[in-house]
There are 4 protein chains.
Amino acid sequence: MRTGVWLVGVRGSVAVTSVVGALALRAGLAEPIGCVTEHPALRGRSPDLPAFGDLVFGGHDVASTPLVKKAETLAASGVLPAQLVASLREDLGAVEDEVRPLPHARTQAETGAAFAADLAGFRHRHALDRVVVINVASTEPAARAHRAHERLDALRMALIEPEPVLPRSSLAAYATFSAGCSFVDFTPSTGPRLPALEELAAERGVPYAGNDGKTGETLLKSVLAPMFAMRHLAVRSWSGYNVLGGGDGATLSDPAANAAKSASKQRVLTETLGYQPEGHSRIEYVPDIGDFKTAWDLITFTGFLGTPMRLEFTWHGCDSALAAPLVVDLARLVSAAHRAGRTGPLAELAFFFKDPLGRAGVEVSHALAEQWRVLCRFAGELGTVDDTAT
Amino acid sequence: MRTGVWLVGVRGSVAVTSVVGALALRAGLAEPIGCVTEHPALRGRSPDLPAFGDLVFGGHDVASTPLVKKAETLAASGVLPAQLVASLREDLGAVEDEVRPLPHARTQAETGAAFAADLAGFRHRHALDRVVVINVASTEPAARAHRAHERLDALRMALIEPEPVLPRSSLAAYATFSAGCSFVDFTPSTGPRLPALEELAAERGVPYAGNDGKTGETLLKSVLAPMFAMRHLAVRSWSGYNVLGGGDGATLSDPAANAAKSASKQRVLTETLGYQPEGHSRIEYVPDIGDFKTAWDLITFTGFLGTPMRLEFTWHGCDSALAAPLVVDLARLVSAAHRAGRTGPLAELAFFFKDPLGRAGVEVSHALAEQWRVLCRFAGELGTVDDTAT
Amino acid sequence: MRTGVWLVGVRGSVAVTSVVGALALRAGLAEPIGCVTEHPALRGRSPDLPAFGDLVFGGHDVASTPLVKKAETLAASGVLPAQLVASLREDLGAVEDEVRPLPHARTQAETGAAFAADLAGFRHRHALDRVVVINVASTEPAARAHRAHERLDALRMALIEPEPVLPRSSLAAYATFSAGCSFVDFTPSTGPRLPALEELAAERGVPYAGNDGKTGETLLKSVLAPMFAMRHLAVRSWSGYNVLGGGDGATLSDPAANAAKSASKQRVLTETLGYQPEGHSRIEYVPDIGDFKTAWDLITFTGFLGTPMRLEFTWHGCDSALAAPLVVDLARLVSAAHRAGRTGPLAELAFFFKDPLGRAGVEVSHALAEQWRVLCRFAGELGTVDDTAT
Amino acid sequence: MRTGVWLVGVRGSVAVTSVVGALALRAGLAEPIGCVTEHPALRGRSPDLPAFGDLVFGGHDVASTPLVKKAETLAASGVLPAQLVASLREDLGAVEDEVRPLPHARTQAETGAAFAADLAGFRHRHALDRVVVINVASTEPAARAHRAHERLDALRMALIEPEPVLPRSSLAAYATFSAGCSFVDFTPSTGPRLPALEELAAERGVPYAGNDGKTGETLLKSVLAPMFAMRHLAVRSWSGYNVLGGGDGATLSDPAANAAKSASKQRVLTETLGYQPEGHSRIEYVPDIGDFKTAWDLITFTGFLGTPMRLEFTWHGCDSALAAPLVVDLARLVSAAHRAGRTGPLAELAFFFKDPLGRAGVEVSHALAEQWRVLCRFAGELGTVDDTAT
């Protein structure tokens with residue numbers, strides 16, 4: 001079950017950490033720490049996930065820094081072990097051969113076709129059973145609504161016009177679905193979340209998952225908010241301050257650009273508690289923090305008879321090191337879901353996302369433990385598929 | 001369904017906060033914040049829990065400070081609203097009438113009999129359907145093992161000797177079971193956790209629950225440790241430092257006396273993670289902190305490829321305000337379980353305890369979300385009981 | 001040496017806490033905690049500061065809530081002891097008699113005259129030796145520059161025009177100086193910081209002090225930044241997040257309005273370290289925090305050979321309880337300076353301010369320990385004045 | 001002015017970081033971050049401190065790991081830059097040539113003589129003007145008192161007996177003084193703090209400094225406690241919890257062994273505040289923390305009218321990176337003091353120590369800013385010495 005993993009933004013920190021990690025796992029040079037699909041509860045249930053050795057990497061990027069060089073930079077800042085990068089230089093070179101510049105043509109229809117052609121070539125060269133495209137590119141500004149987003153036929157008409165109608169992330173999803181591949185949006189960008197693209201995924205019988213990988217503050221919220229809820233304590237305020245130095249920091253610290261992300265970070269509270277506490281989640285860009293992120297949250301709550309209490313936490317995490325194993329997990333799970341014949345949004349993968357995709361008739365929980373149960377059941381069902389049929 | 005709630009240690013902070021809270025709820029003067037049995041998920045399932053108005057309070061204590069006076073002290077230190085205490089002076093006086101000195105006789109058999117007689121009188125005076133005894137007294141030093149703890153007949157023989165064989169908490173459980181009442185141990189003391197007492201509970205057909213109410217640091221551990229486990233992250237160390245000023249602070253800061261409690265505080269980690277991280281949980285007694293407790297925990301963990309990360313939290317909570325609503329919850333749930341014919345250890349109430357009682361054939365989870373599911377199902381089953389049959 | 005203390009914004013939290021505190025000290029009902037002028041090092045040096053019993057309070061406000069009522073509100077939120085407020089009802093009533101609505105007339109010249117007339121009446125009714133006016137009103141938006149701010153004669157001409165030329169805080173300073181009184185600006189507003197007002201203070205021979213009382217995060221910066229500087233450690237970033245619920249919270253959380261304050265909060269770093277680290281100081285308004293303020297600061301720094309390290313602190317303080325004793329201190333010190341013949345900006349009081357006033361030829365340190373030395377020397381010099389001469 | 005720096009414990013983390021740092025500074029490969037003697041205020045005043053290029057290193061150790069190997073280990077754990085260690089391999093080899101096993105003979109007199117002979121050889125081989133011996137070895141258990149500690153003649157008699165009378169650190173000081181060299185005790189061990197050794201230092205005309213380098217929690221206490229004192233705020237409790245993984249962690253986490261160190265850590269509070277707040281300073285050994293240390297302190301204090309407030313800080317520092325530049329500073333300063341004819345305890349170097357040595361008639365402050373002023377004056381006085389006279 002050879003599986004292609006095509007990373008949009010393949011030269012970024014998350015992508016390179018994912019690639020290095022997957023190569024290291026394949027070579028037996030690392031433990032699968034942080035890989036959810038290697039948790040005994042999942043590994044046991046779904047013996048047929050693609051093995052690390054079955055994953056083949058490639059991708060698009062607008063940048064041109066070689067993967068090895070980027071990996072060395074990450075090693076210098078403590079994200080990757082320098083020794084490991086040195087050992088994997090050759091393997092990284094092989095992935096480098098499958099990196100293509102992000103296509104850009106006169107119309108979005110042509111750009112999409114070029115994108116799909118890159119996927120087809122990749123699949124062909126490596127005799128892949130299927131390909132998962134994963135968006136780990138920079139967060140886009142909020143997309144402008146357009147009439148053509150609502151229906152697939154209208155979208156197809158609009159794409160041949162010179163004026164672009166889709167944000168990049170959605171064009172990537174369009175091209176991916178057109179090529180019969182599955183898609184994961186690990187970013188808060190629009191991606192496949194448009195009715196026309198849902199229609200296309202259904203037409204082509206492909207699954208997709210998203211949005212916005214849950215790696216830090218929101219991960220904690222998804223266990224702490226349920227704790228307060230289960231104990232019937234009244235959360236009065238929840239303020240978060242995220243200091244980050246790398247990746248999207250510069251973009252996200254702009255209050256306007258960040259409005260969407262901040263809102264999605266507080267959504268877990270409203271959904272879990274049933275009310276909206278006071279407070280906001282802020283982002284501050286401080287380059288010295290590097291690829292790490294320090295989040296400080298202050299939660300004020302009241303107990304019996306109104307006694308005021310408080311919880312503070314400081315999370316000092318490396319987004320790349322937290323995100324990368326999830327990228328590998330999602331590649332394995334979405335590929336297996338594709339093979340098992342699942343189509344459309346995979347609401348069962350809510351465990352991985354800040355802003356999980358729903359599905360008609362399926363209620364998506366924001367509580368991690370409930371998401372975990374759903375994930376385990378989902379993985380178990382994938383495992384029962386008869387492989388000979390595919 | 002009039003239910004007696006007999007508090008051992010009725011003049012302590014937790015007991016007085018419980019009583020004031022229950023009286024306030026009965027009088028409609030407070031919201032049931034922190035009352036788990038008022039969570040929609042539970043309230044809906046078990047409509048037959050005793051109402052707040054059905055609870056009648058009494059108890060034992062070695063101290064003699066009047067309840068009203070203790071309540072005023074708690075109000076002065078910010079644990080209770082002064083206004084509320086003033087409004088409830090009369091109701092507190094009524095509870096005061098049901099407070100008795102902790103019996104002490106020549107032999108433990110006689111002490112136990114006097115204890116049971118106090119319960120019988122309480123039950124009779126208020127025409128109670130049943131009585132739940134809840135131990136909220138100070139933590140005892142670790143009990144010395146004794147042969148007579150192993151079998152009920154041996155225990156009965158030993159109790160008539162002048163030499164005491166049971167720690168106080170266990171004698172309270174003995175007397176409670178003998179009187180046909182149910183028992184809750186909210187402390188880390190031995191309580192009903194002796195084979196001879198399990199035998200007695202079975203003989204008398206009464207249920208019991210415990211041990212050690214989960215109100216602060218361990219509550220957080222029971223959601224954070226599963227989070228790390230579900231994400232397959234490697235927790236390297238977990239160090240906790242608890243600064244507390246009231247209640248058991250002076251006792252627990254003694255390393256020897258506290259060994260048992262510290263061990264139980266780390267148990268949730270081993271059980272949930274499957275391994276024992278480095279680090280310890282320490283207790284420091286600082287009177288200025290008053291009835292509040294500040295816990296600081298430092299968790300170091302590694303992500304993909306060994307990247308070191310860390311989480312710190314500071315919990316600033318009021319133990320009495322967190323414990324009291326749980327005491328009321330346990331009174332309601334254990335009473336309903338008694339009525340529903342449940343006997344022996346109620347492993348389904350693990351949600352409430354640091355060191356939950358197991359039951360032959362029942363695996364007890366230390367993960368809060370799992371404990372919550374078990375609790376909801378348990379409450380639902382109690383609700384289906386036919387009341388006319390009892 | 002009877003001293004009048006006229007508070008602009010007399011019905012606010014800081015003012016009412018100052019008044020209650022000073023009355024309590026006079027009545028021997030409280031210890032002078034937080035009163036710098038009661039520190040042995042100062043008390044010994046300047047025996048001639050006005051005694052607490054010599055202070056007479058009055059003030060202006062646009063609000064109309066009675067002082068007693070405001071004090072009771074502060075007691076309910078834990079800022080003042082309820083008992084103390086009850087004991088001081090009568091004394092607060094006497095201060096209430098000296099509260100006047102903030103004057104407002106057709107021209108600023110007339111408004112200023114009415115303001116000065118209120119001061120004269122206050123001084124006369126209580127046979128005061130001198131009066132200190134202290135601005136503790138809400139922070140103003142940044143003032144618009146005006147040509148008339150530069151010279152006193154131009155200002156006098158402009159004030160009789162219908163169009164206002166001075167912000168409120170500066171008009172208060174103008175009226176105060178015109179009435180021969182000294183002035184303290186405890187806020188970040190413009191106040192006396194205009195060349196025309198400096199000219200007026202010199203002409204009338206009155207001293208003044210400011211700006212912006214140093215009560216929390218900046219206080220810590222003024223000892224921590226020198227620590228890093230003295231150890232020659234390289235501070236890479238300093239990010240601060242201030243969550244506050246009362247007072248100026250709503251105003252200050254507006255990024256535009258707050259720009260000036262945030263800049264002044266970082267100034268201490270640049271001045272002390274000699275360079276500007278990365279990072280910003282943010283303000284978040286969370287009403288549930290009430291009259292308290294929680295500030296979280298993250299400082300990243302490097303040691304020998306570039307090793308990255310970090311310091312975090314959380315300050316949970318009550319601004320009113322920190323500011324009020326300083327208001328009393330400033331009343332005593334500025335009054336004594338006035339009596340000792342000092343005029344113009346009192347750069348020696350930098351110890352009390354975030355953004356201390358300089359004085360031609362005097363370098364103002366931002367390091368607390370240096371400010372302390374200057375203050376002690378200043379107080380010592382005041383004490384040597386021959387009282388019979390004044 | 002060639003100066004020998006002889007490190008007792010030369011193969012430990014602090015020593016190796018000091019050596020690597022000094023070599024890097026000499027080679028122009030690093031900035032003197034953390035070097036107090038390079039602060040403009042000191043560099044300007046004392047132009048005659050030995051230059052980095054004038055320092056020659058050697059030392060004793062019981063361990064045998066080569067310096068280069070230890071440096072590589074420190075690089076792997078993020079304390080030293082790997083690149084730098086690689087560049088300095090040759091220079092480290094030269095220092096390696098001057099490392100000797102710690103002498104051990106039949107009597108302490110003989111051991112001391114062998115120690116002094118090593119110093120003499122070192123001095124001779126490198127034509128050194130003078131040698132400073134710096135103790136950076138592991139902390140000793142508290143020393144047993146002995147009559148011979150009181151007088152030099154008694155000590156000399158006792159040292160020729162087979163039974164040891166001096167702890168190792170004091171024997172090192174004895175040998176150092178006997179060899180006419182100056183001594184610095186960077187540890188909490190007894191070192192030169194015995195009357196007999198003070199007598200010897202006077203006799204030989206050599207200076208010494210100590211004890212216990214101030215690198216983390218105590219450094220913060222020495223600025224925060226004065227802040228509370230200057231503001232006349234009442235500190236109610238100060239609790240500290242130090243989690244450390246390297247160096248003395250294993251030793252110090254033993255409550256008995258650590259009693260002395262904990263007491264010295266709280267001394268700064270009593271000395272600065274004038275009273276002893278509640279609370280203790282604890283040490284926890286957690287190997288995963290490595291060469292870093294995380295200290296969490298909780299300070300509760302009250303403001304005006306008793307309002308309770310709190311400050312928490314978390315210090316995440318690398319002891320070696322903080323200590324090493326101070327070791328270099330002390331070598332320079334003590335050598336210059338020796339040259340300037342200073343003898344006996346150098347109380348003016350209190351800035352560097354947790355438990356600073358006093359001197360008859362000199363009051364030693366525990367406040368960092370005051371210590372800084374004393375240090376600057378001291379350095380200035382050293383600078384005025386006429387070099388041709390020595």
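This dialogue reads a few features of a predicted model.

Q: What are the ground rules for names and values?

A: Residues are numbered from 1 along each chain as its sequence is written, and chains are lettered from A and ligands numbered from 1 in the order in which they are written. In this predicted model local features need pLDDT of at least 70, side-chain atom pairs count only at pLDDT 80 or more, and totals for chains, interfaces and linings use all residues, while side-chain values use heavy atoms, with hydrogens and water left out.

Q: In what order do the 7 strands of the open sheet of chain B run?

A: Strands (E, at least two residues) and helices (H or I, at least four) are DSSP runs numbered from the N terminus, and two strands pair if DSSP finds at least two bridges between them. In chain B the order is 3-2-1-4-5-6-11, with parallel pairing. Strand 3 (99-101) and strand 11 (344-345) of chain B each have a single partner strand, so one side of each lacks a neighbour in the sheet. Strand 2 (residues 55-61) of chain B pairs with strand 3 of chain B over 3 bridges; His60(B) has Arg100(B) as its bridge partner there.

Q: Which residues of helix 6 of chain D are buried?

A: Buried means under 20% relative accessible area, exposed over 50%, and partly exposed in between (1.4 Å probe, protein chains only). An α-helix has 3.6 residues a turn, so residues three or four places apart point the same way. In helix 6 of chain D the buried residues are Gln108(D), Thr111(D), Gly112(D), Phe115(D), Ala116(D), Asp118(D), Leu119(D) and Phe122(D). They fall within an arc of 145° seen down the axis of helix 6 of chain D, so they line one face of the helix; the arc is that of the directions from the helix axis to the C-beta atoms.

Q: How many residues of strand 7 of chain B are buried?

A: In strand 7 (residues 234-244) of chain B, 10 of the 11 residues are buried, so the strand is largely enclosed by the rest of the structure. Strand 7 of chain B pairs antiparallel with strand 9 (residues 292-302) of chain B over 10 bridges, and Asn242(B) stands opposite Ala295(B). Strand 8 (residues 281-285) of chain B runs parallel to strand 7 of chain B, joined by 5 bridges; here Val243(B) stands opposite Glu284(B).

Q: What rotation superposes chain D on chain C?

A: Copies are superposed by least squares on the C-alpha atoms of residues with pLDDT of at least 70 in both. A rotation of 180° with 0.0 Å of shift along its axis does this, at RMSD 0.0 Å. The two copies are thus related as by a two-fold rotation axis.
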